[in-house]
Amino acid sequence: MDKEIKPAVALLIVLIFITPIIVRFWAGGEHALARAGVYFLQEDAHNQLSLQADRLLVTIPNNGDNEGVFDFSPFMTEPGTADLMGNIAYFANNDVLIRIGSTQYGPSSYLSLASSSDPDAERLRQSLSKNSGAPAQLLRCDLKSKRCQSFHNIQAPWRYRLYINTDHDEVYLSEGTTHKARAISAAGQPLGDIDQGLLFPKRIRPYQEGLYLVDTNHRSLHFLNKGSHFSDTGRELKFNADTETQRQWLVDAVYFADHWWIILASNGMTNTALYRADHEGKILNKISLGAKAEPFDLLVRHNHLLVSDLHSGAVYRLNQQGELIDTIRSPAIHKYFTELAASRAYYQNIITLSHIALGLFAICGISGAIVTARRHRQANPKMGYDPTALPSYLNPLLPLYRPSTTLKPAHQLKERSMSNILISNIEIIPGKRVTQHLGLVMGSTVRAKHAGKDFMAGLKNIFGGELGGYTELLSEARQEATERMTEQAKAIGGNAVINVRYSTSSITAGASEILAYGTAVFLEDK
């Protein structure tokens with residue numbers, strides 16, 4: 001019979017094999033998270049360039065002084081916080097409005113940025129991945145005093161965009177996950193909302209006397225009234241898709257130099273590119289930013305177009321023809337993106353090693369199975385399945401088995417065949433007489449084939465034909481059950497088993513039980 005594997009050994013083999021699979025999926029998730037989620041461009045209330053990459057807010061002064069860096073990580077170490085998948089917007093006094101809390105914040109909630117001393121980015125990242133779906137409180141923060149308070153108990157979903165009209169500090173909020181847009185006064189009073197006709201809205205920007213809203217899935221702009229008359233004007237501008245590269249989702253759009261400059265993305269909001277379009281939404285040309293550039297956000301500043309690159313952390317400055325003038329690089333942003341790149345490389349190495357380990361395990365497993373099967377066949381040549389071969393107990397020339405005078409336990413009488421013990425499914429044996437009735441004996445086994453045989457059987461189910469692996473399985477099971485039955489008969493002093501019957505039942509998928517039973521007797525010649 002097949003050599004049995006101990007359960008502990010089988011469990012160890014399974015654990016060894018699935019460990020790199022688990023590590024691979026874990027490292028894949030970590031690798032996906034080790035990249036910037038957002039990279040926004042805007043101007044603060046003092047007309048200084050503001051860069052926001054995830055939790056970092058960097059201000060680049062107009063006078064050339066050192067950049068100001070504000071890290072919102074201390075907020076995000078609290079349980080239940082949500083990650084930054086929207087932009088930080090500025091009020092007229094340069095306070096910022098940001099969604100970085102949890103649903104636990106109430107109207108009187110206050111949080112000091114200086115109160116937390118835990119800068120552990122890993123803890124931050126883990127907390128983000130677990131608590132990103134629920135709506136969270138909008139907070140108004142004073143960056144100088146490092147204190148925040150709830151903004152009139154207004155909540156925003158996970159993906160959102162903010163625009164603040166600093167003339168009256170009116171807040172405009174687009175909710176990407178709920179497909180709506182809202183206007184809120186500085187006092188927290190609702191000015192209106194739009195909840196029809198939008199699919200994953202993004203940026204709200206000023207345009208002439210009103211506003212426009214970027215509609216991602218409809219690849220269009222909705223032109224809106226602002227202030228207390230916030231509503232959709234009904235005017236819409238739809239852009240063409242780039243059918244050549246399959247980019248069809250609108251990420252951002254700004255009006256610059258008598259053209260619309262838009263960012264389109266492929267499925268999954270990846271593979272972004274910058275395009276220039278006319279007033280009717282027809283794409284005129286693609287703007288080259290580099291092979292690996294991932295444009296994310298746009299800003300018109302000082303008669304130039306600024307484009308943020310989610311891949312490298314750079315900000316490209318373009319002229320009115322779309323030509324690159326120079327690249328703005330923030331030391332703090334560059335350091336952050338470098339850390340993310342190092343983290344991605346680390347997890348990519350783990351993924352590669354996991355693939356190598358899986359490949360080696362597969363090769364070793366197949367090689368080991370082949371070697372083991374070959375050795376087994378060499379040690380047990382009679383066990384090769386031959387449908388025409390007769391079992392040894394049907395040899396008519398063998399004399400009847402003679403049990404010894406000293407009875408032994410069944411497990412000590414294990415033999416590779418039933419030798420010359422007589423097995424019959426009738427009660428009377430011609431030429432023999434029963435001199436001693438010893439009682440019921442039985443033997444059973446539950447056997448299964450390995451996964452490879454099950455796989456091949458599954459293919460045979462599609463194309464038809466004999467399931468040779470299962471035929472062999474049942475033959476081996478019947479032989480094993482018969483051997484165990486005869487061992488019992490020998491153990492109680494019998495030399496024959498009469499009135500033999502077989503029974504089979506399915507225990508689980510790919511496994512079968514065979515039961516052999518009969519009456520053990522002692523026969524002599526008449």
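Colleague: Are Cys-141 and Cys-148 buried or exposed in this model?

Modeller: The model is a predicted one, and in it the sulfur atoms of Cys-141 and Cys-148 lie 2.0 Å apart, forming a disulfide. The cut-off for a buried residue is under 20% relative accessible area, and on that scale both Cys-141 and Cys-148 are buried.

Colleague: Which hand does the disulfide of Cys-141 and Cys-148 have?

Modeller: The count of disulfides in the model comes to 1, and the pair concerned is Cys-141 with Cys-148. The torsion about their S-S bond is about 115 degrees, so the disulfide is right-handed.

Colleague: In what order do the strands of the open sheet that holds β18 stand?

Modeller: The sheet has 4 strands, and their pairing is antiparallel. β18 (249–256) and β21 (283–287) each have a single partner strand, so they stand at the edges, with one side of each left without a neighbour in the sheet. Ignoring direction, neighbouring strands are turned by 30 degrees against each other on average. The order is β18-β19-β20-β21.

Colleague: How many bridges join β18 to β19?

Modeller: β18 and β19 make a hairpin with 2 residues between them, and Ala-257 in the turn has a positive phi of about 55 degrees. Between β18 and the antiparallel strand β19 (residues 259–265), the number of bridges is 7.

Colleague: Which helix gives the most to the nonpolar patch on the surface?

Modeller: The patch includes Leu-11, Phe-17, Leu-353 and Phe-361, and its residues together have about 1100 Å² of accessible area. Two helices, α1 (7–33) and α4 (331–379), each supply at least two of its residues. Ile-18, one of the patch residues, is located in α1 and is partly exposed, with a relative accessible area of 30%. With 8 residues, the helix that gives the most is α1.

Colleague: In which loop is His-302 found?

Modeller: Most residues other than glycine have a negative phi, but His-302 has a positive phi near 55 degrees. Its relative accessibility is 58%, so His-302 counts as exposed. Asn-303, which is likewise not a glycine, has a positive phi of about 60 degrees and is placed in the loop between β22 and β23. For His-302, the location is the loop between β22 (295–301) and β23 (304–309).

Colleague: How many residues apart are Arg-35 and Glu-294?

Modeller: Arg-35 and Glu-294 form a salt bridge, with their closest N and O atoms 3.0 Å apart. The pair links distant parts of the chain, since Arg-35 is in the loop between α1 and β1 (39–43) and Glu-294 is in the loop between β21 and β22. Arg-35 is partly exposed at 35% relative accessibility, and Glu-294 is also partly exposed, at 22%. The separation of the two is 259 residues.

Colleague: Is Arg-55, the salt-bridge partner of Asp-71, buried or exposed?

Modeller: The closest N and O atoms of Asp-71 and Arg-55 are 2.7 Å apart. Asp-71 lies in strand β4 (residues 68–71) and Arg-55 in the loop between β2 (49–53) and β3 (56–60), so the pair ties together parts 16 residues apart in sequence. Asp-71 counts as partly exposed at 30% relative accessibility. With a relative accessible area of 12%, Arg-55 is buried.

Colleague: Which residues are linked with Arg-205 in a network of salt bridges?

Modeller: The model has 12 salt bridges by count, and one of them joins the side chains of Arg-205 and Asp-297 at 3.4 Å, N to O. Arg-205 is in strand β14 (residues 201–207) and Asp-297 in strand β22, so this pair ties together parts 92 residues apart in sequence. Both Arg-205 and Asp-297 are buried. The residues linked with Arg-205 in the network are Arg-203, Asp-252 and Asp-297.

Key: Residues are numbered from 1 along each chain as its sequence is written. This is a predicted model: local features need pLDDT of at least 70, side-chain atom pairs count only at pLDDT 80 or more; totals for chains, interfaces and linings use all residues. Side-chain values use heavy atoms; hydrogens and water are left out. Two strands pair if DSSP finds at least two bridges between them. Axes are lines fitted to C-alpha atoms, for helices over the stretch in contact, and angles run from 0 to 180 degrees between N-to-C directions. Patches are made of residues with over 30% relative accessible area and no salt bridge: like charges are joined within 9 Å, nonpolar side chains (Val, Leu, Ile, Met, Phe, Trp, Tyr) within 5 Å. Accessible areas come from the Shrake-Rupley method with a 1.4 Å probe; for residues, only the protein chains shown count as cover. A salt bridge is a side-chain nitrogen of Lys or Arg within 4 Å of a carboxyl oxygen of Asp or Glu. Buried means under 20% relative accessible area, exposed over 50%, partly exposed in between (1.4 Å probe, protein chains only). A disulfide is a pair of cysteine sulfur atoms within 2.5 Å.
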